[in-house]
Amino acid sequence: MDQVFKALADHTRRLLLDRLREQNGQTLRELCERLNMARQSATQHIDLLVRANLVTVVRRGRERLHYLNPVPIHEIEERWISGFDKARLRAISAIKIEAEEYAMAEESVPTYVYVTYIRATAKQVWQALTDADLTARYWGHANVSDWQPGSSWEHRRVDGSGAVDVVGKVLESEPPTRLVITFEDSPDEDREASVVTFLVEPHQDIVRLTVTHENLPNLAMLNGISSGWPAVLANLKSLLETGDVLPQAPWEMSPAHT
């Protein structure tokens with residue numbers, strides 16, 4: 001077991017084993033690509049893993065495929081962990097994994113990115129993003145602001161109530177290509193505002209519009225905007241390309257339709 005412990009003591013060799021656990025039967029070239037490691041260095045580490053019987057090499061034609069061999073680690077477990085301890089340790093491990101997954105889900109919400117291509121000019125797309133009357137047509141809310149850096153903006157309903165559902169500030173404004181705003185749908189809550197960036201990139205007769213929504217507070221908001229942004233931007237695209245919005249509001253579709 002000395003060779004096994006020596007092999008496992010090195011971070012790079014443990015990483016090689018992790019990569020084989022994720023995808024068994026890799027060639028040396030594939031392992032080197034995934035680890036950004038020189039072939040000679042990887043070969044030295046793999047040779048030590050093979051000598052420790054932690055990795056098995058199988059030839060297939062001209063290729064040498066590397067497979068993870070869990071037997072030595074299993075033997076270590078059998079030697080030092082009793083049958084009584086196994087059930088208890090499995091329970092503790094399950095609790096740890098669940099807690100880590102929960103923490104990751106709550107604290108590490110990924111940034112949302114949406115890209116669409118529109119037959120329009122950059123100036124037309126910018127106007128559609130910042131003109132209160134146009135946003136009212138394709139969004140059902142009027143986005144009201146002078147769109148100068150430092151100014152506030154409001155997402156006002158157009159049902160006659162005048163209610164404001166989202167507020168924020170303009171962080172950057174570079175007409176007609178870049179607009180960055182904060183986005184607060186629950187301004188009374190004690191949390192940092194999320195940030196939306198609109199990037200307008202013209203190319204001949206079309207525009208690529210990229211919407212990035214970052215600093216999201218939780219998965220609930222991520223799920224909401226993941227269905228909301230595509231619906232709103234599809235309506236914007238229809239308005240600019242056809243002169244009219246979609247015949248039905250896309251965000252009113254039930255989940256069964258999506």
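Student: What does glutamate 201 count as at 28% relative accessibility?

Tutor: Glutamate 201 counts as partly exposed, because its relative accessibility is 28% (buried is under 20% relative accessible area, exposed over 50%, and partly exposed in between, with a 1.4 Å probe and protein chains only). The model is predicted, so local features need pLDDT of at least 70 and side-chain atom pairs count only at pLDDT 80 or more, while totals for chains, interfaces and linings use all residues. Residues are numbered from 1 along each chain as its sequence is written, and side-chain values use heavy atoms, with hydrogens and water left out.

Student: With which residue does glutamate 201 form a salt bridge?

Tutor: Side chains of opposite charge can pair when their charged atoms come close. Here the partner of glutamate 201 is arginine 208, at 2.9 Å from N to O (a salt bridge is a side-chain nitrogen of Lys or Arg within 4 Å of a carboxyl oxygen of Asp or Glu). Arginine 208 is likewise described as partly exposed, because its relative accessible area is 33%.

Student: How many salt bridges does the count give?

Tutor: The count comes to 10 salt bridges. One of them joins aspartate 185 to arginine 191, whose closest N and O atoms are 2.9 Å apart. Aspartate 185 has 34% relative accessibility and therefore counts as partly exposed; arginine 191, with a relative accessible area of 28%, is also partly exposed.

Student: Where do glutamate 33 and arginine 29 lie?

Tutor: Both residues belong to helix H3 (residues 28–35), four residues apart, which is about one turn of the helix (helices, H or I of at least four residues, and strands, E of at least two, are DSSP runs numbered from the N terminus). Glutamate 33 and arginine 29 form a salt bridge, with the closest N and O atoms 3.2 Å apart. Glutamate 33 counts as exposed because its relative accessibility is 55%, whereas arginine 29 is partly exposed at 44%.

Student: Which residues form the nonpolar patch on the surface?

Tutor: The patch is made of Val113, Val115, Tyr117 and Ile206, with about 330 Å² of accessible area together. Patch residues have over 30% relative accessible area and no salt bridge; like charges are joined within 9 Å, and nonpolar side chains (Val, Leu, Ile, Met, Phe, Trp, Tyr) within 5 Å. Accessible areas come from the Shrake-Rupley method with a 1.4 Å probe, and for residues only the protein chains shown count as cover. Strand S3 (residues 112–118) gives the largest share of the patch, three residues. Isoleucine 206 is placed in strand S9 (residues 206–214) and is partly exposed, because its relative accessibility is 31%.

Student: Which residues lie nearest the centre of the largest pocket?

Tutor: Of the 15 residues that line the largest pocket, Trp139, His155, Phe183, Ile225 and Gly228 lie nearest its centre. The elements giving two or more residues to this lining are S6 and helix H9 (219–242). H9 gives the most, with six residues. The pocket holds about 360 Å³ of space, and its lining divides into eight nonpolar, five polar and two charged residues.

Student: Where does the backbone have a cis peptide bond?

Tutor: Most residues other than glycine have a negative phi, and most peptide bonds are trans. In this model, a cis peptide bond joins proline 175 and proline 176, with omega about 0°. Proline 176 lies in the loop between strand S6 (164–174) and S7. Asparagine 53 has a positive phi of about 70° although it is not a glycine, and is situated in the loop between helix H4 (39–51) and strand S1 (55–60).

Definitions and conventions: 1 Å grid on protein atoms, 1.4 Å probe; cavity = no way out; pocket = protein on both sides within 12 Å on 5 of 7 lines; lining within 4 Å. Points joined across faces, edges and corners; volume = space filled by probe spheres on them. Nonpolar A, V, L, I, M, F, W, Y, C, P; charged D, E, K, R; others polar.
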